[in-house]
Amino acid sequence: MSSHAALGVVRSGVAVLKGSGVRINCISPGQIDIGVDLNNFDMRGMTSQLPPASMQSKESQKSTIGLERAGLPTEVARVAGFLASGFSSYITGANLVVDGGAS
């Protein structure tokens, strides 16, 4: 599913779930370093997006990402944990961007 379609599902889900007490949100991660070695990865079809973090040079990360590094899976997990907790009880229909300032 494309990210635009996912945002549409979230937005329409808010209207459908209205009054049920169920909250629906979206997390849009940026480059996340998952620790997989992709040095021999086939790059065909990847011209319209940034390559995986392990294939992007540190210099490129510094120039395109505000925090100058790829994110970690735990950093995205903390956002998911926040959304699942009671601390986010008044948040619904939101798109939380976790990209280190790249967007």
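Read along the sequence, the elements of this predicted model follow the pattern α-β-α-α-β. Colour by secondary structure to check the tally: 3 helices and 2 strands.

Next, select the whole protein and show its surface. The accessible surface is about 7200 Å², and carbon and sulfur atoms contribute 59% of that area. Of the 103 residues, 22% are buried. Now display contacts between residues with a separation of 6 or more: 59% of them join residues 24 or more positions apart.

Select residues 73-84, which form helix α3. How far apart are the end C-alpha atoms of α3? They lie 16 Å apart, and this agrees with the span of 16 Å that 12 residues should give at 1.5 Å a residue.

Keep α3 on screen and show the side chains of V76, V79 and L83, the buried residues of this helix. Turn the view to look down the axis of α3: the buried residues fall within an arc of 55°, so they line one face of the helix. The general rule behind such a view is that an α-helix has 3.6 residues a turn, so residues three or four places apart point the same way.

Last, select residues 26-29 and 95-98. These are strands β1 and β2, and both are included in what covers the buried residues of α3. With V76, V79 and L83 still displayed, bring up β1 and β2 together to view this part of the cover.

Methods:
Residues numbered from 1 in each chain as written. Predicted model: local features only at pLDDT ≥ 70, side-chain atom pairs only at ≥ 80, totals over all residues. Heavy atoms only, no water. Helix = DSSP H or I, 4+ residues; strand = E, 2+ residues; numbered from the N terminus. Expected span 1.5 Å × (residues − 1). Buried < 20%, exposed > 50% of the residue type's maximum accessible area, 1.4 Å probe, protein only. Arc of directions from axis to C-beta. Contact = heavy atoms within 4.5 Å. Areas by Shrake-Rupley, 256 points an atom, 1.4 Å probe, with all protein chains shown as cover.
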